[in-house]
Amino acid sequence: MSDVVVLIGTKRGLFIARSDEQRREWHIGEPCLDGREVYHAITDPRDGSMWAATTHKVWGAHIHRSTDGGVTWDVLQSAPHHADERGLEAVWFLAAGPASAPGTMFAGIEPAGLFVTHDSGLTWNAIDALNNHETRTAWQPAGGALALGSVLIDPRDNRRMYCALSAGGVYRTEDAGASWTPINTGTRAEFMPDHYPAFGQCVHRVVLHPAMPDRLYQQNHCGVYRSDDCGTTWIEITAGLPSEYGYVVVVDDHDADVAYVVPEESSHMRTVVDGKLRVFRTRDAGTTWEPLSHGLPQERAYVSLLREGLAADSLDPCGLYLGTSSGHLFASNDRGESWTMVAGFLPRIVSVTAAVV
């Protein structure tokens, strides 16, 4: 039997929830890294170590690592940062490297940049071909921050990677980061003079389907999209949703046609539509959408989800984990058909990730 571990990054520390494969009963421990805002935390599938990216108004931005299931944490002495005036504001995203490179980890930071370590965080190297890309002058802050918030590696070929910037668009490399190409054909940026620019889109989250890696889904500032050709072109699949705006998107590892989003009112309101906390699921790659709400609050639930606020595990049926700005964590063990509240009154939830260990 495997265990399911959910890492819940909050405004005031990291909480760890654990359950068995049935995912009916959960245990949540005391906060780790207390007092720090946890932007992103992951369990490395290669060795089970845990990584967390935090920031603190006094101590600044750091990356932490645990090798004992979150009981103790070491702060890494080195953090990814630009060597020029851009420096480091926060680490937004962590991604484990391929199984063939156990010491490799990628980090997306603010101001927008991509960094890699090959020695488990002792040293970090800038991916200059992206960080100093010729289109960088067109990137702009979104909601006050210019950050790199998604890093994806093609499981068939680790030389192919994707990164998403807010606001800058999606970029792809085919040569392990030596060169990068903006891949935004078909995605809108209505805040720009050209509504379909080659780059500059405000991308909230991008995910890749592990069993069908040519397929990607994207939640954008301006709509939801699907790509079937490694991001070369995008098809808008917003129709059928109550709003084009939102932050989260996840997939079911066992069905490439299944994806989940949580629409929010608008970029001004940034709470769920009509005060109803609903997860919308497609089972036909975005042709149609259905709301899933059983067990979720449907009146005066004016909450929001940040871009890492929804996660899925790799079991079948897949489990889903939803963390709100009000500090409530909901879980589903049946592909979103029903939900239970696992925790309430936590600090504001910033990120949620799930792993089967």
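Which residues lie nearest the centre of the largest pocket? The legends below take up that question and then turn to other parts of this predicted model.

**Figure 1. The chain as a whole, in a predicted model.** The chain contains one helix and 28 strands, and its C-alpha atoms fill a box of roughly 50 × 45 × 40 Å when the box is taken along the principal axes. A compact globule with 357 residues would have a radius of gyration near 21 Å, and the 19 Å of this chain agrees with that value. Of the 357 residues, 58% count as buried, while the chain exposes about 14300 Å², of which carbon and sulfur atoms supply 49%. Where contacts join residues at least 6 apart in sequence, 48% of them link residues that are at least 24 apart.

**Figure 2. The largest pocket and its lining.** This view answers the opening question, for among the 38 residues that line the largest pocket, Pro 45, Leu 152, Leu 208, Asp 253 and Ala 354 lie nearest its centre. The space in the largest pocket comes to about 1200 Å³. Strand S28 gives the most, with five residues. When the lining residues of the largest pocket are divided by class, 25 are nonpolar, six are polar and seven are charged.

**Figure 3. The second largest pocket.** About 470 Å³ of space lies in the second largest pocket, and of the 19 residues that line it, Trp 92, Ala 145, Tyr 247, Leu 306 and Arg 307 are the closest to its centre. The lining of the second largest pocket is made up of nine nonpolar, five polar and five charged residues.

Figure 4. A search of the whole structure finds one cavity of 30 Å³ or more, and the volume of the largest cavity is about 30 Å³. How can such empty space be found at all? Rolling a probe the size of a water molecule over the atoms shows where empty space is left. The residues that line the largest cavity are Asp 44, Arg 46, Asp 47, Ser 49, Trp 51, Arg 65, Pro 102, Gly 103, Thr 104, Met 105 and Ser 120. By class, three of these lining residues are nonpolar, four are polar and four are charged.

Figure 5. Is Ser 304 buried or exposed? Ser 304 has a relative accessible area of 11%, and it is therefore buried, since buried means under 20%. Ser 304 lies in the loop between strand S23 (290-292) and strand S24. If residues up to four places away in sequence are not counted, Ser 304 touches Glu 264, Arg 270, Thr 271, Gly 323, Thr 324 and Ser 325.

**Figure 6. Two cis peptide bonds.** Another cis peptide bond joins Asp 316 and Pro 317, where omega is about 5 degrees. Pro 317 has its place in the loop between S24 and strand S25 (320-323).

**Figure 7. Two residues with positive phi.** Cys 230 has a phi near 60 degrees, which is a positive value in a residue other than glycine, and Cys 230 sits in the loop between strand S18 (223-227) and strand S19 (235-236). With a relative accessible area of 9%, Cys 230 is buried. Phe 345, again a residue other than glycine, has a positive phi near 65 degrees, and Phe 345 is placed in the loop between strand S27 (340-343) and S28. Phe 345 is exposed, because its relative accessible area is 72% and exposed means over 50%.

Notes:
Residues are numbered from 1 along each chain as its sequence is written. This is a predicted model: local features need pLDDT of at least 70, side-chain atom pairs count only at pLDDT 80 or more; totals for chains, interfaces and linings use all residues. Side-chain values use heavy atoms; hydrogens and water are left out. On a 1 Å grid over the protein atoms alone, a cavity is a set of points where a 1.4 Å probe fits but cannot get out, and a pocket is an open set with protein on both sides within 12 Å along at least five of seven lines; lining residues have an atom within 4 Å of a point. Grid points are joined across faces, edges and corners, and a volume is the space filled by probe spheres set on the points. Helices (H or I, at least four residues) and strands (E, at least two) are DSSP runs, numbered from the N terminus. Ala, Val, Leu, Ile, Met, Phe, Trp, Tyr, Cys and Pro count as nonpolar, Asp, Glu, Lys and Arg as charged, and the others, Gly among them, as polar. The radius of gyration is taken over C-alpha atoms; the globule rule is 2.2 Å times the number of residues to the power 0.38. Buried means under 20% relative accessible area, exposed over 50%, partly exposed in between (1.4 Å probe, protein chains only). Contact means heavy atoms within 4.5 Å. Accessible areas come from the Shrake-Rupley method with a 1.4 Å probe; for residues, only the protein chains shown count as cover.
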